[in-house]
Each structure stands twice: as C-alpha cells, then as structure tokens.
Protein chains: 2
Amino acid sequence: MALLNPPPPPPFPSPPSPASSRPPPLPAVVLPLSQPPRTRHSVPRASATVETIEKTTDSALVEKSVNTIRFLAIDAVEKANSGHPGLPMGCAPMGHILYDEVMRYNPKNPFWFNRDRFVLSAGHGCMLQYALLHLAGYDSVQEEDLKGFRQWGSKTPGHPENFETLGVEVTTGPLGQGICNAVGLALAERHLAARYNKPDSEIVDHYTYCILGDGCQMEGISNEACSLAGHWGLGKLIAFYDDNHISIDGDTEIAFTENVDTRFEGLGWHVIWVKNGNTGYDEIRAAIKEAKAVKDKPTLIKVTTTIGYGSPNKANSYSVHGSALGAKEVDATRKNLGWPFEPFHVPEDVKKHWSRHASEGAALEAEWNAKFAEYEKKYPEEAAEFKSIITGELPSGWEKALPTYTPESPADATRNLSQQNLNALAKVLPGLLGGSADLASSNMTLLKMFGDFQKNTP
Amino acid sequence: MALLNPPPPPPFPSPPSPASSRPPPLPAVVLPLSQPPRTRHSVPRASATVETIEKTTDSALVEKSVNTIRFLAIDAVEKANSGHPGLPMGCAPMGHILYDEVMRYNPKNPFWFNRDRFVLSAGHGCMLQYALLHLAGYDSVQEEDLKGFRQWGSKTPGHPENFETLGVEVTTGPLGQGICNAVGLALAERHLAARYNKPDSEIVDHYTYCILGDGCQMEGISNEACSLAGHWGLGKLIAFYDDNHISIDGDTEIAFTENVDTRFEGLGWHVIWVKNGNTGYDEIRAAIKEAKAVKDKPTLIKVTTTIGYGSPNKANSYSVHGSALGAKEVDATRKNLGWPFEPFHVPEDVKKHWSRHASEGAALEAEWNAKFAEYEKKYPEEAAEFKSIITGELPSGWEKALPTYTPESPADATRNLSQQNLNALAKVLPGLLGGSADLASSNMTLLKMFGDFQKNTP
C-alpha cells in the first residue's frame, strides 16, 4: 500500500548536510514507485477515527506549546542573527491549532497521499513552520536543524524549500506565490475527488491550509489565483490572512489600506474575521469549524495579530519583521512571557503532548490504506488509473500515441502541431490536464475530448 | 506660453510613414523647450468657458456620431482583415460622450499641459480611439490613416502607441497595464496640483479617463495599481469598465465570475453601474457627473455593453472579439443599424458637429495660457519650478550636487552609495520623486528630506 504515498519527483541536488549522527535523509529517487517512504503500520486502525477539530486541550499547555513555538523562532533567528521572528511570534497560536488540533498528517511519512496540505505563503516567517514540523515529529527538522537555521547546507533555509525540508509542501518566499500554489493544491484535490471518489468510498478527502500576510495580499498574482479559487468554489481551501498591519517599511497605513475582507467577498470567498489572533484560541478554532462547514466557497480567515507578540519593546513594529530581536530584547521577551528556559528548549510536557502525532498520523495513514485496499478491490480500473496519476507513472507504450511526421508532411503552424500532439497524448495519459489564460482558441491548447474544469464539473 | 505645452521626450525612431500629402509629423525634439508644438491663439478666451458635461446634443445626431465611430472601426478592421471590431462597436457610446461632451483637450496641440488624459487600457480595441481622434480633429489620424490600420508604417498600429500616434497618451495592449498608467497619470496630476495650485489660481486641474475590459480586470497588476489609487484617493481618476461578458475563449462565465464591483469597493473606489451601455446615453452622462462629484475616491463606472453591438449574427460572441466581421456580416450590420454609407464615410453633419473641437480646444488652451501667465506674474518662483518639472528641463549645474568618490573612499554597499546620490540629487532636482515597493528601508531609496505621497499629503 505504501506505493500510494510516494515521495515527489527527485529533488534538485542538495548541498551537503552538516555533520549529523542521525540517519541520512531519504535518497533522491528516480522512479517514485521504486522507493516507498518509511511508514508505520503497527497502530490499530480504530484509533485513527479522531475528530481533531473538536479536540479539547488543557489551555495552560496550549499556551506553553505556543510559547515554545515562539521561542524556537526567536532563538533560531537570534543564533543566525538573521531572519524574521515577528511572524512566528504572532502566528504561533494559529500555527499550533493547525498542526496540533486540526491537520491530519503522518510526520513519519510526509508523502502520505491523503494528508492535509499546509503552505506558508509568507515564507519569510518560515521559523514558524520549522518549529511546527519539529514539534510534530518530522525527522527533517530536529533540534540541530533549528540551530542551523539559515546556515549553508542546513535543512532550514531562510525561506521554506520543499526539496530541502520534508514536510514543506511548497517552496515559498516570493510574496503571493504560496497562496497561488495553495489554490493549485486545492484544485488538484477537488478534481481527483470528483474523478475517483465513490459514494461508498472517499479516497480523496483533504484540506489545503495556507498562511499569507500583507505582502502576499499586496501582490496581484494572489488576487488572480484567489479570483479563480472563488470561481471554482474550492471549499476545502482555508487561508489564514495574518493581519498584523506591519510590512517592511512600517505600518500598512502607508500603502495598503484597502478592505481585504470586502475584496475577498467580491472574489467569491467566505470571509471570517478573528479579532484576537494573539490569545483568542477559541475564536480561531470556531473560525476553522465555520470554514469547514462552508463547502462551496474557499474561506479567508483574517486573523488580526500583533507581529512580534510578546516582545515588550519591539512588538507591533517593523523592527521585529526582518531582524533578530537582539540579546537584550530576547531576555525581556523571556521575562514578559514567563519563559525561564534556555534557548531551543522544548519543555517535557509540550514534547509529550506533541509526541502522539506520530502514532495518530500512522493510524490515519493505515486507515486510509485500508480504505484504498477496499476501493481497489471494488474499482480495480479506477484504482489503477488513480495510482498512475498520483505516482506520475506513464502507461507503457504511451509514446506510440504520438502522431508521426515526415519531411513530406504539409507545413503547419507550431501551435497547430502542438494541438495535434496534445490531443493525441490526452487519450493515453489520464493525468494530462491543460490550461490557457483565455487564449486556448489562439494558442490551440484545447483538449477537445474534455470539458473545462468548472465548479460544477470538477 | 506655448513653452508650457511641450511635446514629450523624443520618441523612438518611427518606421517610415506611408506616402502622404499632409505635412510631416512633429520632428523628434531633443530639448523639449526648443520645439514648441503648433498652437492656435486666435480664439477669444471667453468662448472657452464651456461646462462640457452639461452640454445637450441632438439625440439623433449623437446616435449618428456613435454609428460613425462603429463603422469606422468595422471598415478599418475589414480592410485590414485583422483587428478587434467588437469593443469599438460596444464602447462607441461612452467613447462619443467622453471625446465629444466631457473631455477637455485641444486636438491641434496634443501636448497642451492641462488637457484631460485618456487611456485605452483595453488596447486591442484601438480602432475606438483612432475613430475618436479622427472625429475630434487630431492631425495624426486622418482618413488615410484609418485606411492604413494595422499596416506597416501607418500611424494606426494594432494597439495604441504613444510614440506613433499623437493624441495617444500611453502605449497599451498588455492587459491591465493601461489602467496602471492611468493611475500614474492621475497621481501626477494630484501631486502637481497640491504642489503648485494656489487658492487664487488652479493651474493643474485635469481628469484621467480610462476604458478597461475584462482582460484588464483579470490581471493582477490592475488590482495592485487600483489598490494604490484607492489608498491615495485619486478622485480625478475615472475608469470605465467595459463589462461585456466576452473574452477570447468565450463567455467570462468560464473563468471570471468574481464581483468586480464589490472588489473595487474593497479597494476604496466609488463604483457606479451603467446597466445599458449600448444606448443609455443619459445613464452614462449621469455616471460621469456623479463620478466627478466624488472628490476623495477614484470611480469605476461599470458599463454593461454588448460586444459587437449592431452585428445581427455576431454581437455578444467571442467571434466578434478579435476578427473582422466579414463582408456578409458587415452588410448585415449596415442594414441593421441603418447605415447606408460607403466604407470610411463620415456624414457631413457629424463632421460639422465635431469640427467645433478645434476652436473650443484652442480656446481652452488659450484660457489656460492666460491663467498661467497671471500665475507666473504672482508666483514667479513656483512658475519657474513648475515649468522645469513639466518640461523635464534640468537646472544648470545640477551635476555639481553629486558626491565625489576617490579610490581612497571607504568601501560601501551599492545601495548605500545610491542613497547618498539620490538624496544629493533630490535637493537640486525639484522633479525627482522616488518609490519603492515596501523595500525602502532595505534598498535605501528613501529621500530623507521628504515625506511620503499620501492622500492627505499629496
């Protein structure tokens, strides 16, 4: 069954890893099917049926976990003397709730197909994601990786890179780009679900979560993709807008005063405002619950936060956006948040609390694997096609479908020849999808045997 | 006085003009002040005080003028067998009202400083603009130019080019870009007005109009610029959104179903919907009046039109978007709109009606010139600075303000040296403005002696 949770196509070559006593990372694989990732199947299936969103947790422990995330970010940026502590400090509560209470994933197999996806569109705040991956138990981000933040060859580059750090779905950093990728991930889920789910077996069923900031909202590309997401009605896309009013040059008042909520309503999204993103845990939980209940629209949860929350002298200012706090302010923040621990320390109770994700995740995966095995028995043809699509495997002899040309073939425009080839390939490659930005009739990219992906024909 | 209405900086070299009996175009000038454009000063000043927006016109004549615009576009595209007839046919009513009733310009001096600006962001519909420039009396677009539409060396290229056709303010075509330029033009007006107008003399006072289409609205860049326009409250920017529901691949339903009105409200614009852009002349006039009354916000007038209006078999379909109608459909359209004239014919009464713009425009310019002469007497220093800014003239000896460096100068980052130079130059170049997309503190482009351009500090 592990064949269905394959690693992605071979990554770009990585710089050498720093000296480390742990096992080497997953090798770059050429054929996705030849190297199944490590999975754990020992956990009984029953334990996987958890309704994560309803989970209650001890509020003192949640607060402690959130502060752990904050200080891992603070300490890593401080050690590197470079990076962005402000976003992780402000977004730690939503980050905690997502990774600890809401998202379904298996930290020991980042490639499990039906995992929820998370994209940090505000990639500069990547210490948030590294801290979360670390707590969640991903092998890719261990304590020494946090200590190697922004160092050459480390697994924790200054912006998230999916070919560098297992658990990172999408390389982000260029503002606005991550939310566009999130739209793409949600689109893929919707299409695969429509194509392969059966009334008695939903094998494709996961959410795409994203955190984006003011910088992402300022970029036109995010508006383009979010307009399409609204058009398509991607109900399982839930984006958190970190509304902290601070960008590199200061308060967003200087350049960005549009009403983002209204704009997203115009784009066809469901919009929720969490007014207290700093300590309003229940507000955040309720927003996610509401977002999940809205099935026909993507949701934007505007979460008003304080950038650099907890820093007595730098919170809510651009100085905490892209620089280390400095030793004095780190001390002041430790005092302010009541954090007596040394740098990079994860308190035992926090560690214990998060440790359940390994077994829970393995159980989720095992449950899904069993479901798929059943699906495969009932729908062998669909199962085979589905497998070929998600593994990127090409059917044997696909190339025989290509038209042939000789020097005697009549001259034709490249775009027409392209159309002949695309349409010939589409018949034999079930995973081939096309797209054109309102120019299909001109660039001849129409796949004539298919309709368009639309809200009602996904 | 003509010195204040200078031609723009030297254009790119033009391809040779087709054989023509008219005088050669304005030569490329090196120093803007050395080559004043042709102006007419013979019209008495009093006649210039026209409240153009209130002007009433015989409705049959308006209809005839609008159909003249439609058929000039139809005939030119037909002769070229290439181009976009649909937009001009649908937008002819708003085009007519703008150029005949609303805009203040002097067709015989396209460089008159205080003219209203017009930008056709949906540049593919340029036959609309060429027809309007032709009727308005611009020397740059004569009958033979219309007949040379889209031909090599003609003054009527397939998308508007400001260095090719006098009267075209901005080269457009890449969708979304024109509206961004329009924001820039409105921004310049607002800044110059704030800087040089006096309570007793408003020497800077003009509007920027723009027509943009669905393609422009789909592009993220237009959202970026319109967000800024809303932030800045550019009340003299009035954009017409040609809401015709058709793009190249068909109905906008296939990809673009966002609520543009709501989005623009979110961006801080005043939004008006003209439901009948095909024949609702008074609706269009009322919208413009309302837009002008809103001083603190830019206005988007959504004008619902029928693309290819008048074509019995192709209107409201993508087939009229980017191809000639074809001889048969041109005939059918002539019958349908009751147009008995031969191709490129401008009826005498229409010609006569439009002919007044030459004298009215000259009067408007003369009035402004007189106003500026008075201003110059009262405020010689401001007048001199204003002249230097709008002509692009550099003050003599400006280069002496530059810092000097020697091989012994300490090493420094390029961006720091850039900052030193920018700040030295800003002191002696009154027209130097800077900008940075939320990176001024990083790329060191701040001009330290100035504040930011803001709504309340323009």
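User: Is A:Lys387 buried, partly exposed or exposed?
Analyst: Partly exposed, because its relative accessibility is 23%. Keep in mind that this is a predicted model.

User: What does the side chain of A:Lys387 meet in a salt bridge?
Analyst: A:Glu376, with 2.9 Å from N to O. That pair links distant parts of the chain: A:Lys387 is in helix α12 (residues 380-391) of chain A and A:Glu376 in helix α11 (residues 348-378) of chain A, 11 residues apart. A:Glu376 is partly exposed, with a relative accessible area of 24%.

User: Where do A:Asp139 and A:Lys108 lie?
Analyst: Both are in loops of chain A: A:Asp139 between α3 (127-136) and α4 (143-147), A:Lys108 between α2 (86-102) and β1 (117-120), so the bridge ties together parts that are 31 residues apart in sequence.

User: Over to chain B. Which residue does B:Glu258 meet in a salt bridge?
Analyst: B:Arg263, at 2.6 Å from N to O. B:Arg263 counts as buried, at 0% relative accessibility, and B:Glu258 is buried too, with a relative accessible area of 9%.

User: Switching to rings: how many aromatic pairs over all chains?
Analyst: The search of the whole structure finds 32. Take B:Trp339 and B:Phe341: their ring centres are 4.8 Å apart and the planes sit at 75°, so this pair is edge-to-face.

User: Why edge-to-face rather than tilted?
Analyst: Because planes over 60 degrees apart count as edge-to-face, and the angle here is 75°.

User: What about B:Phe372 and B:Phe386, how do they pair?
Analyst: They're tilted, with 5.6 Å centre to centre and 35° between the planes. B:Phe372 is in helix α11 (residues 348-378) of chain B and B:Phe386 in helix α12 (residues 380-391) of chain B, 14 residues apart. Both are buried.

User: Last one: what sits over the ring of B:Tyr207?
Analyst: The charged end of B:Lys292, 4.6 Å from the ring centre. In chain A, A:Lys292 lies over the face of A:Tyr207, at 4.6 Å from the ring centre.

Terms used:
Residues are numbered from 1 along each chain as its sequence is written. Chains are lettered from A and ligands numbered from 1 in the order in which they are written. This is a predicted model: local features need pLDDT of at least 70, side-chain atom pairs count only at pLDDT 80 or more; totals for chains, interfaces and linings use all residues. Side-chain values use heavy atoms; hydrogens and water are left out. Rings of Phe, Tyr and Trp (its six-membered ring) pair if their centres lie within 6.5 Å; planes under 30 degrees apart count as stacked, over 60 as edge-to-face and the rest as tilted. Helices (H or I, at least four residues) and strands (E, at least two) are DSSP runs, numbered from the N terminus. Buried means under 20% relative accessible area, exposed over 50%, partly exposed in between (1.4 Å probe, protein chains only). A charge sits over a ring if NZ of Lys or CZ of Arg is within 6 Å of the ring centre and within 35 degrees of the ring normal. A salt bridge is a side-chain nitrogen of Lys or Arg within 4 Å of a carboxyl oxygen of Asp or Glu.
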